[in-house]
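Please keep the sequence and the model in view while reading.

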Amino acid sequence: MSTRLSIGDFSRMTFLSVKTLRHYHEVGLLAPAEIDAHSGYRYYTPGQVGSAQLIRRLRDLDLPLPQVREVLAAPSATERDAVIAEHLDRMTRQLEQTQATVESLRRLLVGGGSSLEVTVIDEPSVFALVARAVVGGDEAPAWWVQTFTDLHSRLRSLGVSRTGPDGTLFPTEFFTEGAAELTCYLPVPEGTPGSELVDGERLATTVHDGPFVDLDTAYGALGTAVVERAIASDGPVRERYLPRGDEADLLDHRTVVCWPVDPV
């Protein structure tokens, strides 16, 4: 007969509280090896210690319970490790985002950065390869990268040269409601198959040359300048992207933020 461990002893051996062990039993994550039919006491075996210690470490890494179950039920070490590696990658991205936000907050608190130059231009209409979709704020960055990846692929397949930088139109509802139809466009010569006309307009512009997390500071500065000059107009805010080097590197660019203003 295998050695029985009381829930108290098992708790001491695994650093999992009795309350936690009961919860893991209730949610089907770690069931006792035996439950006394008369007293209801839970008993475990030494062979369950390793699983309990693994669960504790995975939960310390904030791995959700469904994924913990996947790890425990994985038929092979390869599949188990894949679930863990995916979560570790996700945690790494979250840590990088947190670090970027911390650094941005420090810059915001210090202040005193260089002021942004605001220029009013007449943006011409252009023919472009266009993609549209209703997108929410949280999903916008991933959608943006995939959409421009697809547009660049279409450009290569057509064998034509771009006539200007990539751009995106952001309707007011994207900011006020959290989701709206966004328009990404890649300027191409007139007559390019599948192209359409993107209307031009009069715009106040400024250039953001820094981390994406600080892009709102450019919006704030530009919006303030437009409002103070009383020249704001209805219409979508436009972003254009100026590559710093390789045009294929979508994330390495300066962002021209363009605010619609009244025509002369």
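## Terms and basis

Helices (H or I, at least four residues) and strands (E, at least two) are DSSP runs, numbered from the N terminus. The model is predicted, and local features need pLDDT of at least 70, side-chain atom pairs count only at pLDDT 80 or more, while totals for chains, interfaces and linings use all residues. Residues are numbered from 1 along each chain as its sequence is written, and side-chain values use heavy atoms, with hydrogens and water left out.

## Asp262 and the segment after β11

Asp262 is located in the segment that follows β11 (253-260). Its relative accessibility is 36%, so Asp262 counts as partly exposed; buried means under 20% relative accessible area, exposed over 50%, and partly exposed in between (1.4 Å probe, protein chains only).

Contact here means heavy atoms within 4.5 Å. With neighbours within four places in sequence left aside, Asp262 is in contact with Arg202, Ala230, Ile231, Ala232 and Ser233. Arg244 is 18 residues from Asp262 in sequence, and their C-alpha atoms are 31 Å apart in space.

## Arg4 and the segment before β1

Arg4 belongs to the segment before β1 (5-6). At a relative accessibility of 40%, Arg4 is partly exposed. Leaving out residues up to four places away in sequence, Arg4 touches Glu34, Tyr43 and Tyr44.

## Helix α1 against helix α3

Two packed helices are described by the angle between their axes and the distance between the axes. The axes are lines fitted to C-alpha atoms, for helices over the stretch in contact, and the angles run from 0 to 180 degrees between N-to-C directions. Helix α1 (residues 7-14) packs with helix α3 (residues 49-60) at an angle of about 55°, and their axes are 9 Å apart. That angle makes α1 oblique to α3; angles under 35 degrees count as roughly parallel, over 145 as roughly antiparallel, 65 to 115 as roughly perpendicular and the rest as oblique.

The residues that meet are Phe10, Met13 and Thr14 in α1 and Val49, Ala52, Gln53 and Arg56 in α3. By class, this contact of α1 with α3 has 4 nonpolar, 2 polar and 1 charged residues. In this classification Ala, Val, Leu, Ile, Met, Phe, Trp, Tyr, Cys and Pro count as nonpolar, Asp, Glu, Lys and Arg as charged, and the others, Gly among them, as polar.

Phe15 is found in the loop between α1 and α2 (18-26). Most residues other than glycine have a negative phi. Phe15, although not a glycine, has a positive phi of about 65°. Phe15 is exposed, with a relative accessible area of 66%.

Leu16 also has its place in the loop between α1 and α2. With a relative accessible area of 5%, Leu16 is buried. Leaving aside neighbours within four places in sequence, Leu16 is in contact with Ser11, Leu21, Tyr24, Ala52 and Arg56. Leu16 and Arg56 are 40 residues apart along the chain, with 7.2 Å between their C-alpha atoms.

## Helix α3 against helix α4

Helices α3 and α4 pack at an angle of about 145°, with 10 Å between their axes. Leu54, Ile55, Leu58 and Arg59 in α3 meet Leu65, Val68, Val71 and Leu72 in α4. The residues of this contact divide into 7 nonpolar, no polar and 1 charged.

Asp62 lies in the loop between α3 and α4 (65-73). A residue other than glycine, Asp62 has a positive phi, near 65°. Its relative accessible area is 57%, so Asp62 is exposed.

## Nonpolar cores

A nonpolar core is a set of buried Ala, Val, Leu, Ile, Met, Phe, Trp, Tyr and Cys residues joined through side-chain atoms within 4.5 Å. The largest such core has 27 residues, and those with the most contacts inside it are Trp144, Phe148, Leu151 and Val257. Two or more residues each come from β5 (126-136), α6 (140-158), β7 (179-187), α8 (215-228) and β10 (237-243). Of the elements, α6 gives the most to this core, with 6 residues.

Apart from this core lies another, of 19 residues, among them Leu5, Leu30, Leu58 and Val68.
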